[in-house]
Amino acid sequence: MKNILIATTYQADTLQALKIAADFKRKDEGNIILLSISEVSDSITDLLFLSSHEHIDQNKRSVILSSWNEIKRQNNFSASLEEHHQFGMSRPILDQLLQRFNADMVIVPLSFQHSKQYIHKLVLKLLHKSECPMMLLPEEQKLPLDIQRALFLDQVGQPLTSSIQNLPFHIIHQSMVNTEHTEDQSLKILIEKLSINLIVQAKRKSEIAEDNSHVVNLGLPVLAV
Amino acid sequence: MRIRTKISLVFTLITAATILFLSGFVYVVSFQHSLGFFFTRLKVRATISAESHFEVNGESSTRVREIRERHLQRLPQEEEFFFNNDSSVYNEISKVLPKLPETFVDEVKRSGVAEYSRGFLRYAGIKYTTENGDHIVVARAYDESGEDQMTFLRNILLAGSALSCVFVFGLGQLFAKRIMRPISSIVSKVHGITASNLNDRLDEAQGDDELAEMAGTFNDMLDRLETTFELQSNFISNASHELRTPLTAILGEAEIILALPRNQEDYVKSIRTIQYEAKKLEDVTTSLLRLSQISFDGKKQKIEPVLMDELLMSIKITLDKRMPGNQVKVLVQHVDNNPDFFTIVCVRVWMELALINIIQNSIKYSDNKEVLVTLSAGDGDFFVHISDYGIGIPPEEIRHIFEPFFRASNTFKYEGHGIGLPLAARIIRLHGGRINIHSKTNAGTKVTLQFQQSGEIKT
């Protein structure tokens with residue numbers, strides 16, 4: 001039983017991430033874990049670490065949780081929700097977190113991707129370098145209602161693992177469509193033609209936003225594996 | 001003999017053998033030690049006696065005797081004998097001590113000292129040299145304390161061994177009972193499970209020992225049995241329903257037409273209805289027959305390597321001929337340097353039938369919307385994905401869709417018998433493949449078939 005982690009700042013777009021995660025876990029009995037992260041407190045006592053209340057906007061959190069309960073009830077989602085707050089981050093800590101929560105995917109909403117906090121940028125960077133698949137969500141209004149078809153952009157000849165191929169959406173490998181279209185045909189036309197709702201690509205060892213703008217600009221969620 | 005008694009006996013035998021060996025060892029070593037100690041004492045006495053007996057100086061001889069009397073305790077039956085070491089010494093010794101063997105005398109002559117035991121009567125002989133020549137001194141005593149000690153030790157060891165064996169047997173019984181208790185409980189519980197309470201499970205399946213493994217295996221077997229029972233009962237009820245519906249229609253139609261005299265047009269119409277229902281009946285029975293053939297006639301079919309990409313293309317051609325307006329799109333991943341990557345060892349006709357069934361379902365339940373069929377490579381496996389934008393399957397019904405004759409609740413307006421998908425699933429599994437279905441109501445269904453490269457067929 002694998003779980004899905006959602007890196008969150010409790011902004012409104014966390015709900016979209018929750019919907020996608022619950023949709024993926026319709027069949028499996030996995031949990032969804034909301035992961036909030038803050039810097040290590042500059043304090044003289046360990047007791048301050050006991051509470052994450054000061055580090056999370058409680059109003060936003062309660063709005064998210066109550067809305068989620070309503071959505072869960074309406075859609076008959078079976079996945080249960082857990083929360084975890086993490087003080088500080090490093091590569092070993094992230095690896096241990098992914099192992100501890102038995103995560104098979106991390107979903108990162110746009111608000112987290114655009115967060116100005118150093119710790120959030122660090123988490124994003126570490127996630128790019130980790131083995132765990134990571135889904136980067138676009139703006140809320142561009143997010144498709146159902147993710148049904150994905151296009152796998154295979155830049156490095158990496159095979160798709162069984163766990164990715166067994167996800168609820170249909171993955172179309174780039175090489176399946178290249179022969180049908182002329183080379184100058186843009187990715188956008190291909191995506192419209194095939195009704196693609198998700199881009200899957202192999203992880204690069206740096207932020208996708210920096211050197212992968214042509215994919216991010218498509219406005220689709222990107223699953224880096 | 002019961003396993004419990006066997007375990008106790010083996011346990012007792014092993015322990016008894018070990019204890020007896022140890023006791024024997026302790027007894028022999030103690031006996032040797034006691035013997036050595038007693039002979040040392042005898043030799044000391046023989047030397048002192050020789051000194052007092054052969055000493056020329058009368059004063060020192062008396063002193064030696066006094067010291068001996070004062071400090072050395074006299075042993076039971078202690079006696080010393082003195083002989084001149086000449087050619088007739090053995091004769092003289094045998095006159096006084098007739099039971100001493102000749103070897104004893106030879107040993108004293110050769111090495112200067114000899115020991116001999118007769119029961120617990122010990123003899124120690126030494127060679128003593130004086131100015132008048134060599135003499136042989138023989139000291140004799142009865143080792144009474146040694147006898148007492150050895151008898152006591154022997155009795156203790158025998159009694160201890162016997163008690164230990166009884167104790168070990170009792171302990172073994174207790175231990176064996178504890179070992180066998182879960183087995184007895186499993187046996188009594190399994191005895192109690194019948195067709196009416198197949199949902200009962202053994203509680204002993206917790207833990208990681210062999211018994212938990214056995215209980216787990218029983219539970220797995222019960223899971224399979226329960227599923228099979230459930231499938232069978234569902235199958236019978238569904239099959240009777242499917243067979244009964246057209247039969248009722250035929251009988252009803254025949255009754256109505258025979259009730260009154262009719263004109264020829266009515267007869268023709270009625271016979272056409274009967275023919276239509278009979279055709280439906282034939283379809284169901286043909287499908288049933290095919291389903292049973294797939295189960296039992298596996299060895300009669302020709303098994304050959306088939307290129308899945310070619311098979312999918314030929315299915316597309318067949319579908320285009322059969323349903324010219326279909327929107328099936330077949331896409332194949334390009335695999336470098338290995339044109340045979342998508343090879344599977346299978347019964348081609350069956351595999352074709354399975355794939356056509358799944359694709360036709362996608363076409364049917366999506367009202368001829370686009371159906372995407374892709375063939376892609378994975379890590380050591382390859383995948384056939386078939387997806388549509390159809391009516392989907394209600395989540396609570398997904399687990400039943402591989403049961404023969406089961407039809408989802410939202411399929412009432414589509415014709416079908418509920419045999420195609422179970423048949424396809426059976427064929428896929430028979431070829432070592434896996435079938436996985438993701439579906440969302442009114443959004444679509446994705447069927448994933450996973451095959452091992454060149455996987456061998458299970459017959």
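Modeller: Gladly! A residue is called buried when its relative accessible area is under 20%. With that cut-off, buried residues make up 53% of the 225 residues in chain A. Please keep in mind that this is a predicted model.

Biologist: And how many of the residues of chain B count as buried?

Modeller: Of the 459 residues in chain B, 38% count as buried.

Biologist: Why is chain B called more spread out than a compact globule?

Modeller: Start with its make-up, which comes to ten helices and eleven strands. The radius of gyration of chain B is 50 Å, while the globule rule gives 23 Å for 459 residues; the value is well over the rule, so chain B is more spread out than a compact globule. The C-alpha atoms of chain B fill a box of roughly 160 × 65 × 40 Å along the principal axes.

Biologist: What distance separates the C-alpha atoms of B:Met308 and B:Val28?

Modeller: They are separated by 82 Å, and these two residues are 280 residues apart along the chain.

Biologist: Let us stay with B:Met308. Why is it called buried?

Modeller: The cut-off for buried is under 20%. B:Met308 has a relative accessible area of 0%, so it is buried. You will find B:Met308 in helix α8 of chain B, which covers residues 308-322.

Biologist: Which residues is B:Met308 in contact with, leaving aside its neighbours within four places in sequence?

Modeller: A contact needs heavy atoms within 4.5 Å. Leaving those neighbours aside, B:Met308 is in contact with B:Phe342, B:Ile344, B:Met351, B:Leu355, B:Leu375, B:Phe382, B:Val384 and B:Phe451.

Biologist: How do you know whether B:Phe38 is buried or exposed?

Modeller: The same test applies. B:Phe38 has a relative accessibility of 2%, and buried means under 20%, so B:Phe38 counts as buried. Its place is in helix α1 of chain B, residues 3-54. Leaving aside neighbours within four places in sequence, its contacts are with B:Leu75, B:Arg122, B:Ala141, B:Tyr142 and B:Asp143.

Biologist: What makes B:Asp367 partly exposed?

Modeller: B:Asp367 is at 47% relative accessibility, so it counts as partly exposed. This residue is in the loop between α9 (348-365) and β8 (371-377) of chain B. B:Asp367 also has a positive phi of about 50° although it is not a glycine.

Biologist: Where in chain A is a positive phi found in a residue other than glycine?

Modeller: At A:Tyr10, where phi is near 60°. A:Tyr10 sits in the loop between β1 (3-7) and α1 of chain A. Its relative accessibility is 3%, so A:Tyr10 counts as buried.

Biologist: Why is helix α1 of chain A called largely enclosed by the rest of the structure?

Modeller: Because ten of the eleven residues of this helix, residues 14-24, are buried. Among them are A:Leu15, A:Leu18, A:Ile20 and A:Phe24.

Biologist: What can you say about A:Leu35, and why is it called buried?

Modeller: A:Leu35 belongs to strand β2 of chain A, residues 32-38. At 4% relative accessibility, A:Leu35 falls under the cut-off, so it counts as buried. Not counting residues up to four places away in sequence, A:Leu35 touches A:Leu5, A:Ile6, A:Ala7, A:Thr8, A:His84, A:Gln86 and A:Leu97.

Biologist: How many residues of chain B score a pLDDT of at least 70, as a percentage?

Modeller: The answer is 93%, and the average pLDDT of chain B is 85. Over residues 455-459 of chain B, though, the pLDDT is below 50. That stretch has twelve contacts in the model beyond near neighbours in sequence. Where pLDDT is low, the predicted coordinates should not be read in detail.

Definitions and conventions:
Residues are numbered from 1 along each chain as its sequence is written. Chains are lettered from A and ligands numbered from 1 in the order in which they are written. This is a predicted model: local features need pLDDT of at least 70, side-chain atom pairs count only at pLDDT 80 or more; totals for chains, interfaces and linings use all residues. Side-chain values use heavy atoms; hydrogens and water are left out. Helices (H or I, at least four residues) and strands (E, at least two) are DSSP runs, numbered from the N terminus. Buried means under 20% relative accessible area, exposed over 50%, partly exposed in between (1.4 Å probe, protein chains only). The radius of gyration is taken over C-alpha atoms; the globule rule is 2.2 Å times the number of residues to the power 0.38. pLDDT is the predictor's confidence in each residue, from 0 to 100.
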